[in-house]
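Have a look at it first.

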Amino acid sequence: MDFLSNDLQHYIDKMSSPESEVLAGLRRETHLKVLYPQMISGHYQGRVLSFLSKMIRPRQILEIGTFTGYSAICLAEGLAPGGKLFTIDLNAELEPVIRKGLKQAGVEDQVMLHFGAALDIIPQLEGPFDLVFIDADKSNYRNYFEMVLPRLSEGGMILADNVLWSGRIFDATQNDKETAGIRDFSSFVQQDERVEQVILPVRDGIMLIRKKGQQ
């Protein structure tokens, strides 16, 4: 994920709004206690997610891939009054860490936690969703996209994380399932006339996908 030099990333972090004490504590705890802590969104990406959510002011957010809850807290910062965020993760062992962070951030009543396979859970959730954040198993990105697009509000947004995949997507020698999934997803979206999209080179790449008018 290191596309930027350490000095440049440090400057960007310094010139961006700071993360809250709760988010900083959650980030430290994740790095100390959880496997693969690099999966956390972190300061800069978290501020980007918060900023986008505040611009959209979503009534309902769907997050696919909770991890330790950092991104959920950031996205919840932009919820409209009375709004809800539904977040899904396979790993129920992380529930205590997630719930602790949500409570400390004061958003435990706004965030609905679900554990299990997202493809099974999403059909059970009542839409429409104004904002969807996809940050789960890359081999299913296209499946998630096709499942949530019909349930996205008109003009709603999908944010897909890791679309640059540490540069592996444009390395012809990399053909594992996850890399192939990202390539397939990105190519499919790029040709889908129902949406318009742009990639932000934020951390490991976030694709912003906007649903066009009435389908």
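Glu-29 is buried, with a relative accessible area of 15%. Keep in mind that this is a predicted model. The side chain of Glu-29 meets that of Lys-100 in a salt bridge, 3.5 Å from N to O. Since Glu-29 sits in helix H2 (residues 21-33) and Lys-100 in helix H5, the pair ties together parts that are 71 residues apart in sequence. Lys-100 itself is partly exposed, at 40% relative accessible area, whereas Glu-29 falls under the 20% mark for buried.

| Pair | N to O distance |
|---|---|
| Glu-29 and Lys-100 | 3.5 Å |
| Arg-47 and Glu-77 | 3.1 Å |
| Glu-196 and Arg-210 | 3.0 Å |

Take the Arg-47 and Glu-77 pair, a salt bridge at 3.1 Å. Arg-47 belongs to helix H3 (residues 42-56) and Glu-77 to the loop between H4 and E2, so this pair ties together parts that are 30 residues apart in sequence. Arg-47 is buried at 14% relative accessible area, while Glu-77 is partly exposed at 29%.

Then there's Glu-196 with Arg-210, whose closest N and O atoms are 3.0 Å apart. This one runs from strand E6 (residues 195-200) to strand E7 (residues 206-211), so it ties together parts that are 14 residues apart in sequence. Glu-196 counts as partly exposed at 39% relative accessibility, and Arg-210 is partly exposed at 35%.

Now for the open spaces. The largest pocket has a volume of about 790 Å³. Its lining takes in 36 residues, and the closest to the pocket centre are Met-39, Phe-67, Asp-89, Asp-135 and Ala-136. Strand E2 (84-89), helix H5 (95-105) and helix H6 (118-121) each supply at least two residues of that lining. By type, the lining of the largest pocket divides into 19 nonpolar, 9 polar and 8 charged residues.

What about enclosed space? A search of the whole structure turns up 1 cavity of 30 Å³ or more, and about 60 Å³ of space lies in the largest cavity. Residues lining the largest cavity include Met-39, Phe-67, Tyr-70 and Asp-135.

Phe-67 is found in the loop between strand E1 (60-64) and helix H4 (70-76), and it is buried at 10% relative accessible area. Trp-165 also has a positive phi, near 50°. Trp-165 lies in the loop between strand E5 (152-161) and helix H8 (177-191) and counts as buried at 14% relative accessibility.

Another backbone detail: a cis peptide bond joins Gly-127 and Pro-128, with omega about 0°. Pro-128 is in the loop between H6 and strand E4 (129-134).

Finally, the surface. Phe-3, Leu-4, Leu-8, Tyr-11, Met-15 and Phe-170 make a nonpolar surface patch of about 630 Å². Of these, Met-15 lies in helix H1 (residues 6-15) and counts as exposed at 52% relative accessibility.

Definitions and conventions
Residues numbered from 1 in each chain as written. Predicted model: local features only at pLDDT ≥ 70, side-chain atom pairs only at ≥ 80, totals over all residues. Heavy atoms only, no water. 1 Å grid on protein atoms, 1.4 Å probe; cavity = no way out; pocket = protein on both sides within 12 Å on 5 of 7 lines; lining within 4 Å. Points joined across faces, edges and corners; volume = space filled by probe spheres on them. Patch = residues over 30% accessible without salt bridge, like charges linked within 9 Å, V, L, I, M, F, W, Y side chains within 5 Å. Areas by Shrake-Rupley, 256 points an atom, 1.4 Å probe, with all protein chains shown as cover. Salt bridge = Lys/Arg side-chain N within 4 Å of Asp/Glu carboxyl O. Helix = DSSP H or I, 4+ residues; strand = E, 2+ residues; numbered from the N terminus. Buried < 20%, exposed > 50% of the residue type's maximum accessible area, 1.4 Å probe, protein only. Nonpolar A, V, L, I, M, F, W, Y, C, P; charged D, E, K, R; others polar.
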